[in-house]
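Please examine the sequence and the structure shown below. The briefing that follows is grouped by topic.

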Amino acid sequence: MPIVTSVTKMLGIRVPVIQGGMQWVGVPALAAAVSEAGGLGILTALTQPSPDALRVAIRETRKLTSKPFGVNITLLPSINLPDYAGYARAAVEEGENGCIVIHKCTTIRHAKSAEKHGVDVLSIDGFECAGVPGEEDIGGLYLLARAARELKVPYVASGGIADARGFAAALALGASGVNMGTRFMCTVESPIHQNIKDKIVASTERDTVHIFRTLHNTTRVFKNKVSMEVVATEKRGNANFEDVKDLVSGARGKGVYDLGDPDYGIWTAGIAMGLIEDIPTCKELVERLERETVEIIGGLGGLVRGGERAKL
């Protein structure tokens, strides 16, 4: 049976699974593959060097799939401030001026503020997530349950989700779908080097670390020589961005994916790595998630009837 939620209806997708917006990863081939598989593929705007390049990427994706896909625009402190307005204009215009806004929040108060400003869907990101988890260290289990009580617009769950158990749990917590980043990094169509995909499979939830904590811009990344050097610099006290900017440059991060050296630079990864054991195609992954989630939800009925099916 299909999983039908307000998000599948609103976005016109078969399965309420959204690919996370990931720098250097959210390119046309991956976004199109996720959309073709039944989820919502996402292009990462800042992966493209300019708004015009984003337009080209959108058109390229449209040639690869006739199904809906999205564009992620990340607003964060940057060494060189991007043309955010230009990227947003390109996304909206290439979408023929009709768009659905999905906004990431790591606290309920921020989610309620975004709701007031008219967002269509919220992505509720727990502390487990890769990238930026916020500064309040609130786990997804609590955030999602609270979201069910207080939010009026649909929301999807993000952070620590890589399999059907997480998908089913998110739905039980009131989410209308899930957003997965690290899991989609480890697919056949992901553009990153095979060595990095293999590294993700071999890693556990203990292989991430937070950087920029003292700079109040906490970011969860893969634990490697470079990220631990950043942490050591921060621990010495009174560190500022100038002290670590060469270590965390985007060029070095891109080099990780291009060269296949996990120690070349900073790269984001979530604790969901501990749940990733293979490198499927996007089609195989989305279909597996759909099938197993339906099985788990059906099996939970055994709890009410006194059976044992809930151990699926």
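Which residue of strand 6 does Ile124 stand opposite? Ile124 stands opposite Ala157 in strand 6. This is a predicted model, in which local features need pLDDT of at least 70 and side-chain atom pairs count only at pLDDT 80 or more, while totals for chains, interfaces and linings use all residues. Residues are numbered from 1 along each chain as its sequence is written, and side-chain values use heavy atoms, with hydrogens and water left out.

**Strands and crossovers**

- Helices (H or I, at least four residues) and strands (E, at least two) are DSSP runs, numbered from the N terminus.
- Strand 5 (residues 121-125) pairs with strand 6 in the parallel sense over 4 bridges; pairing requires that DSSP finds at least two bridges between the strands.
- Between strand 5 and strand 6 the chain passes through helix 6 (residues 140-150), and this β-α-β crossover is right-handed, meaning that, with the strands pointing away from the viewer, the path from the first strand over the helix to the second runs clockwise.
- Strand 6 is also joined by 2 bridges to strand 7 (residues 178-180), and the two run parallel; here Val178 is the bridge partner of Ala157.
- A right-handed β-α-β unit is made by strand 6, helix 7 (residues 164-172) and strand 7.
- In strand 6 (residues 155-158), Tyr155 and Ala157 point one way and Val156 and Ser158 the other, and all are buried; buried means under 20% relative accessible area, exposed over 50%, and partly exposed in between (1.4 Å probe, protein chains only).
- In a regular strand the side chains alternate between the two faces of the sheet.

**Nonpolar cores**

- The largest nonpolar core has 49 residues, and those with the most contacts inside it are Leu122, Ile124, Phe184 and Trp267.
- Such a core is a set of buried Ala, Val, Leu, Ile, Met, Phe, Trp, Tyr and Cys residues joined through side-chain atoms within 4.5 Å.

- The buried residues of helix 4 (residues 84-94) are Tyr84, Gly86, Tyr87, Ala90, Ala91 and Glu94, and their cover includes helix 3 and strand 3 (69-72).
- Glu94 counts as buried because its relative accessible area is 10%.
- Not counting residues up to four places away in sequence, Glu94 touches Arg55, Ile58, Arg59 and Arg62, where contact means heavy atoms within 4.5 Å.
- The C-alpha atoms of Glu94 and Ile58 are separated by 7.1 Å, although the two are 36 residues apart along the chain.

**Salt bridges**

- The whole structure holds 15 salt bridges, each a side-chain nitrogen of Lys or Arg within 4 Å of a carboxyl oxygen of Asp or Glu.
- Glu93 and Arg55 form one of them, with the closest N and O atoms 2.6 Å apart; Glu93 in helix 4 and Arg55 in helix 3 are 38 residues apart.
- Glu93 is partly exposed at 38% relative accessibility, whereas Arg55 is buried at 17%.
- Asp52, Arg55, Arg59, Glu93 and Glu94 are linked in a network of salt bridges.
- Arg213 forms a salt bridge with Asp137, the closest N and O atoms being 2.6 Å apart.
- Arg213 lies in the loop between strand 8 (208-211) and strand 9 (219-222) and Asp137 in the loop between strand 5 and helix 6, so this pair ties together parts 76 residues apart in sequence.
- Lys254 and Asp258 meet in a salt bridge (2.7 Å, N to O); they are separated by about one helical turn because they are 4 residues apart in helix 12 (residues 250-259).
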